[in-house]
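Take a look at the sequence and the model, and then we'll go through the parts one by one.

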Number of protein chains: 2
Amino acid sequence: MDLLLLAPIGSVLALLFAAYMAYTVMKHSEGTEDMQRIARAVREGANAYLKRQYTGVAIFFAVMFVVLLILALNGFLTIFVPFAFLTGGFFSGLSGFFGMKMATNANARTTNAAKQSLNAGLRVAFSAGTVMGMVVVGLGLLDLSFWYYFLTWFYRDLDAAVRIQSVTSAMLTFGMGASSMALFARVGGGIYTKAADVGADLVGKVEAGIPEDDPRNPAVIADNVGDNVGDVAGMGADLYESYVGSIVSTSALAVAAGLGVDGVTIPMTMAAIGVIASIIGTFFVHAKEDAKQSVLLAALRRGTYISAALIAVISFFLVWQVLGMEHIGVYFAILSGLLAGVIIGYFTEYFTSDSYKPTRDLASTSTTGPATVIIGGLSLGMRSTSVPVIVVGAAVLASYFLAGGAGDFNMGLYGVAIAAVGMLSTLGITLATDAYGPVADNAGGIAEMSHQDPEVRRRTDALDSLGNTTAATGKGFAIGSAALTALALIASFTDEVARIVQTQGLDFKLDISILNPPTLVGLFVGGMLPFLFSSMTMSAVGRAAQSIVMEVRRQFKEIKGLMEGKAEPDYARCVDICTRNAQKEMIAPALTAIVAPLLVGFLLGVNGVAGMLAGATVSGFILAVMMANSGGAWDNAKKYIESGEYGGKGSDSHKAAVVGDTVGDPFKDTSGPSINILIKLLSMVSVVFAAFILQISLF
Amino acid sequence: MDLLLLAPIGSVLALLFAAYMAYTVMKHSEGTEDMQRIARAVREGANAYLKRQYTGVAIFFAVMFVVLLILALNGFLTIFVPFAFLTGGFFSGLSGFFGMKMATNANARTTNAAKQSLNAGLRVAFSAGTVMGMVVVGLGLLDLSFWYYFLTWFYRDLDAAVRIQSVTSAMLTFGMGASSMALFARVGGGIYTKAADVGADLVGKVEAGIPEDDPRNPAVIADNVGDNVGDVAGMGADLYESYVGSIVSTSALAVAAGLGVDGVTIPMTMAAIGVIASIIGTFFVHAKEDAKQSVLLAALRRGTYISAALIAVISFFLVWQVLGMEHIGVYFAILSGLLAGVIIGYFTEYFTSDSYKPTRDLASTSTTGPATVIIGGLSLGMRSTSVPVIVVGAAVLASYFLAGGAGDFNMGLYGVAIAAVGMLSTLGITLATDAYGPVADNAGGIAEMSHQDPEVRRRTDALDSLGNTTAATGKGFAIGSAALTALALIASFTDEVARIVQTQGLDFKLDISILNPPTLVGLFVGGMLPFLFSSMTMSAVGRAAQSIVMEVRRQFKEIKGLMEGKAEPDYARCVDICTRNAQKEMIAPALTAIVAPLLVGFLLGVNGVAGMLAGATVSGFILAVMMANSGGAWDNAKKYIESGEYGGKGSDSHKAAVVGDTVGDPFKDTSGPSINILIKLLSMVSVVFAAFILQISLF
């Protein structure tokens, strides 16, 4: 049997399972009329946002399509590149869209189920998360399979080695489309959600002294919409990009490694195996009706670990079957990726969960005011970068030498690339445990706004805090795999350059020594890009939040009877302000990622671009980890104080911790996760435009 | 005439001029008995601290001396290395010590002179700063000349090419001694000063509501001592290290560039010319008695620009004379360094001064509370990294290609190294304009504590704020030159490795391509080190400040009549707590810098070490700029609000801005400046231990 057929089969399985899970969620009731009304408002806001976002992004894609078409017609690219680019963007957006649809339909249903028990609430929210996880991997495999089979058919007359080369390099563009879409979705959604969150908190909690999610706060619906467009739609597009990015970058290295079609079969079928293992894993996520929180967490973990174990076992036979015992090192490369993901996930949790010392120590700094909370949180985040760096470093060395031995450079790089695929192979289920978090968060908001029994809110809060822990693990996977994939893409870039130089007989010497001045300067420029990018996204959140603050203050002042609960605030205006701001603000950071490789390529040549990619990957990885962990720790330090430590809610310590949490919001949900995409998009753009850069560069 | 003789001559001139300036300062009166008493307390505290610090550091130097001696006796190093290491450390420490002596003697004298006029105060403070500037360059040239002449004499029987090689590589160790001392001084002093500052502010200003520098605050003397041990002694040792580091790293590259002794003559005589130009420059720093602040700033700038112009002219003839027209590109490399320093200095000022938009915008974020101030400041700092990165990148390319053309790699690297010397050639006067700041700061403290006329305090405040502006420029030079010197040192490292491999006939291939796995992993590890290091120093400040907070709270509670001004606080205890904490806390970060290259060398080999150095230089440079600029902008945004904007002193905006300023304290005065030294020390250690690393490494 052709093992590659597993890819389309896996895709169909994933999508069918997603449809089934969506059906089970929709069977539940949305509860009282009040709950339905709020859920509808959130749904409408989210739909309106996505519609506007997709319209804006469509313009970008149209322009890029034309640019790519012109380049293709001038021989810089193959003719399928512009089309592959479009489908990548389309499916990435679709993943986010389906995830968001499901999430906005599941939030009130989760609240309603939570009236019954904690476990019932978990089931609904987790099922919604599973839909998202399965849609992402299903659409990813669908697109990959389609292009693979289509291109292989189209190039059927070519020599096998040339054919697979042409196929894999066209598929990379598909990754670039996905990355572009993901960046817009993450940045736009991230700005939206944090502007609404920060804006709502600054006026509501701090100035007016009303609780979180209070229906009197005009920004409260925007805040809930934000969870869906940022944490759900943004994350879906993001992880779709990570998933296909890791697979296409591995495939692209297969040719140089001398593996040919087999080298493409491995990552594609690995992904299919991951789908099946994830589906099996989800059946192990269940608990007794009266289960406690820790039991539920154990249930979620059980599902992930079982999937990982299944993959670890099956992929051995896969590598053995496809590549033979001679290349069994590739299996160990996969294993080292899988293991590295688990270790990074564990340490992310260690640094950000209030069950451990770092976050508890951070909570204690709140007794001396907000300044020490900020210093402590930044210091924690900076310190926490050491473990992921060492683990990723070890994974790179291990996968390189296990797959390639000391002598085979290209097999070694293939090993690094496949390690990322290994790390992401459990995505179906890890994304399910991750995506259920924002659903639970929304469910809590709906409970509050529809004045449910406090016990319901307590249960949704428990689900939400569970979601924080699983989100930390999910972020570990996303960041770790981004670093590995980016490295694979840098290798693809130099491969591509070498190929062009050879086929076109150019007089050019690739020299990516760190002491070659253009490479060195590229390293500096690349190292700076994530800082510049984070600055842009953070100040975008700041500016957008400022407009929300003004609007909420205005409504508090102008709408009579609002604070007494006699009049309704104008929720729609806040939703609209967030939408417009997010749209406007996402353009500059996204363009940076597209323009930087071209500009650096023009000024410093391809050696400079290689340096830039390495610099951006190193500093971006470190900065992303730091921002994610500082942000997570601030959030949980605040929650720890709210649980009654250091004076509890309303104390000065709590106020200091809220400052940390607010600073952490754009860190962990806007800038940090966007950096992952940035470093990959930079590399994708460089690979796709390699021939063009060689043509225009001054060096 | 042997131009090299200019070096010892310049050294003697600088030291004589320093002695003369010290004499003119000491002629002034220290003012009233009250002022004398306070100045004495500060002096005693600073002396006690330095004594304790030097004792602690002596142990470290003794251990390192023995280690180096053992390595030298086993043929890994020449026998002079341990001794050169000691003298580097000794003179670096001595620079800080003299600077501190002068500063603690000039503070009350500045206060007293400020009673007369703003200009009179400036003259005393600037003269004290000049002493520091001249001592640093004088001692630097003294040590350099001594070792150069001694080693040349000792190796007189060797072939000229081998001789200069042996001389320059022994002189590098002298740089390593200076860097080690500088790191201890910067980290220890930085922890001291910020712990005292933050601690004093948190309880005094925030909790008790008494003004800054109020004599009732038990930490107020410690705070003033801190300015001297951190901003003066620490900065002196730091810039001594930058100065000699840039010269020895250039010298070390002279051999590979094929310039021989002439390649050493250039940086040494450049430095001597800089001394003379700086002395001339100081005579242009004067203003009329009733001059305004802006006129004084112009006077300070005039001195620096005149010195720079003199150097720009004279060094043309120097390069022409020594290297001939064939190598006139070296002159343009020097010019590009000089120019890059000025541009970076200007942009540092742009981003951190409240005369410009960025800091004013930051001040406006204070209206929505401390969280937006923090987000705004971090964002500003991140954004501000782009200009220095681009300027340094341009300087690297310009100096490389101007000195070496497209083909001569080694001449190109020599050009990069000499650019750093060009940037630092005005150090005599830039340091003078920089070091006078803490003197003015202290003078303000003494004015407050001795209850002088508010007009006196207003004048010292004006001097202090002038100092903030010049300090920003000084930091630009320090950071920019650190990046260039570190790059030169990486080149020295690979040179040294290549030399050892060749002479010992080792079977080893130097491969520092960014895709060679050990180099790549080294890049990641190196990129992480400045983050880890900053985390350590920041949390050290946090912990030390916490102890001060506890102590001040205790004294406020236990000493009866303290708040009413009827009893004196126990200043000495706070001084002692700061001293002990700084001593304890400086060990771990400093050891990191020594141990990291050895550990990475053991695990990843010299290719990994080269990657680590590049990674640390890139991320360290960017992080240092970010921290310095965020910190500076927060400080000045607070000052801007205090000048009456957004509600002025005591308003909620002001409170929010104080949070930013407090977070900025360890950023700009502890972690940020220490990173400059860290990246150079990592490189120095790698160069000195290169032979040993080659021996022990697994790869």
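Predicted model: local features only at pLDDT ≥ 70, side-chain atom pairs only at ≥ 80, totals over all residues.

## How the two chains meet

Buried area, as used here, is the accessible area (1.4 Å probe) that two parts lose on being put together, summed over both. Chain B brings 65 residues to the contact and chain A brings 66 residues. Three residues of chain B, namely Leu515(B), Phe524(B) and Phe531(B), supply 13% of the area that chain B buries against chain A, more than any other three residues.

On chain B's side, the elements giving two or more residues are α11 (370-383), α12 (386-404), α15 (454-504), α16 (517-558), α18 (587-642) and α19 of chain B. The largest share comes from α16(B), with 18 residues. Sorted by kind, the residues of chain B that touch chain A come out as 46 nonpolar, 17 polar and 2 charged.

## Two copies and an axis

Now for how the copies are arranged.

## Salt bridges inside the chains

Counting over all chains, the structure holds 59 salt bridges. One of them joins the side chains of Glu568(A) and Arg37(A), at 3.6 Å from N to O. Glu568(A) sits in the loop between α16 (517-558) and α17 (571-585) of chain A, and Arg37(A) sits in helix α2 (residues 33-73) of chain A, so this pair ties together parts that are 531 residues apart in sequence. Glu568(A) is exposed, at 52% relative accessible area, and Arg37(A) is partly exposed, at 40%.

A second example stays within one helix. Arg457(A) forms a salt bridge with Asp461(A), and their closest N and O atoms are 3.2 Å apart. Both are in helix α15 (residues 454-504) of chain A and lie 4 residues apart, so about one helical turn separates them. Arg457(A) is buried, with 18% relative accessibility, whereas Asp461(A) is partly exposed, with 34%.

Over in chain B, Lys194(B) pairs with Asp669(B) in a salt bridge whose closest N and O atoms are 3.1 Å apart. This one links distant parts of the chain: Lys194(B) is in helix α5 (residues 160-208) of chain B and Asp669(B) is in helix α19 (residues 652-688) of chain B, 475 residues apart. Are these two residues buried or exposed? Lys194(B) is buried at 4% relative accessible area, and Asp669(B) is buried at 11%. In chain A, salt bridges that share partners join Lys194(A), Asp197(A), Lys475(A), Asp635(A), Lys639(A), Asp665(A), Lys668(A) and Asp669(A) into one network.

## Two buried residues to look at

Helix α19 of chain B also holds Asp661(B). With a relative accessible area of 5%, Asp661(B) is buried. Its side chain makes a polar contact with the side chain of Lys638(B), at 2.9 Å. Leaving out residues up to four places away in sequence, Asp661(B) touches Trp634(B), Asp635(B) and Lys638(B).

For the other, go to helix α2 of chain A, where Ala46(A) lies. Ala46(A) is buried, at 0% relative accessibility. What does Ala46(A) touch, not counting residues up to four places away in sequence? Its contacts are Met100(A), Thr104(A), Val225(A), Asn228(A) and Val229(A). As for Tyr436(A), it is 390 residues from Ala46(A) in sequence and 17 Å from Ala46(A) in space, C-alpha to C-alpha.

Conventions: Residues numbered from 1 in each chain as written. Chains lettered and ligands numbered in written order. Heavy atoms only, no water. Salt bridge = Lys/Arg side-chain N within 4 Å of Asp/Glu carboxyl O. Buried < 20%, exposed > 50% of the residue type's maximum accessible area, 1.4 Å probe, protein only. Contact = heavy atoms within 4.5 Å. Nonpolar A, V, L, I, M, F, W, Y, C, P; charged D, E, K, R; others polar. Polar contact = N/O pair within 3.5 Å; in protein donor to acceptor, adjacent residues only side chain to side chain.
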